[in-house]
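Q: I have this one open on the screen. Can you walk me through it?

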Amino acid sequence: LLKLAHRHLIPEEWKDRVVFCWGTIYRNSDDRPVVRCLYRDGDRWPWSYRWLGNDVFRSDDPAVVRAS
């Protein structure tokens, strides 16, 4: 389990959402493209991933983008 160093910086409005980090597309062990995501589980913020061929993405799930 990855521990986040600065959990206090996670916006409060993310607490009931899955937040996707689109900066890098990874491949899982089946060589399928996946994107990392962060979600709240009690007082923890575990990382996970979602397969890009899945239909679990919702319009109200935010994406993390780097501000320029």
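Q: Start with the inside. Which residues make up the largest nonpolar core?
A: Ile10, Trp14, Val19, Leu38 and Trp45, five residues in all. Bear in mind that this is a predicted model.

Q: What does tryptophan 45 touch?
A: Leaving out residues up to four places away in sequence, tryptophan 45 touches Leu4, Arg7, Ile10, Trp14, Lys15, Leu38, Tyr39 and Arg40. Among them, Ile10, Trp14 and Leu38 belong to the largest nonpolar core along with Trp45.

Q: Back up a bit. What is the pLDDT average for the protein?
A: The average is 79, and 74% of the residues score at least 70.

Q: Which element has the lowest mean pLDDT, and which the highest?
A: Strand 4, residues 63-64, has the lowest mean, at 64. Strand 2, residues 33-39, has the highest, at 87.

Q: What should I do with the low end?
A: Where pLDDT is low, the predicted coordinates should not be read in detail.

Q: Strand 2, then. How does strand 1 run relative to strand 2, parallel or antiparallel?
A: Antiparallel: strand 1, residues 18-27, is joined to strand 2 by seven bridges. As one example of position, phenylalanine 20 has cysteine 37 in strand 2 as its bridge partner.

Q: How many residues sit between the strands in that hairpin?
A: Five residues lie between strand 1 and strand 2 in the hairpin, and aspartate 31 there takes a positive phi near 65 degrees.

Q: What else does the side chain of aspartate 31 do?
A: The side chain of aspartate 31 meets that of arginine 27 in a salt bridge, at 3.9 Å from N to O. Both residues are exposed.

Q: How many salt bridges does the structure hold?
A: Three. Besides the arginine 27 pair, glutamate 12 meets lysine 15 at 3.4 Å, N to O, and aspartate 41 meets arginine 44 with the closest N and O atoms 2.7 Å apart.

Q: Take glutamate 12 first. Exposed or buried?
A: Glutamate 12 counts as exposed because its relative accessible area is 54%, and the cut-off for exposed is over 50%.

Note on methods:
Residues are numbered from 1 along each chain as its sequence is written. This is a predicted model: local features need pLDDT of at least 70, side-chain atom pairs count only at pLDDT 80 or more; totals for chains, interfaces and linings use all residues. Side-chain values use heavy atoms; hydrogens and water are left out. pLDDT is the predictor's confidence in each residue, from 0 to 100. Helices (H or I, at least four residues) and strands (E, at least two) are DSSP runs, numbered from the N terminus. A salt bridge is a side-chain nitrogen of Lys or Arg within 4 Å of a carboxyl oxygen of Asp or Glu. Buried means under 20% relative accessible area, exposed over 50%, partly exposed in between (1.4 Å probe, protein chains only). Two strands pair if DSSP finds at least two bridges between them. A nonpolar core is a set of buried Ala, Val, Leu, Ile, Met, Phe, Trp, Tyr and Cys residues joined through side-chain atoms within 4.5 Å. Contact means heavy atoms within 4.5 Å.
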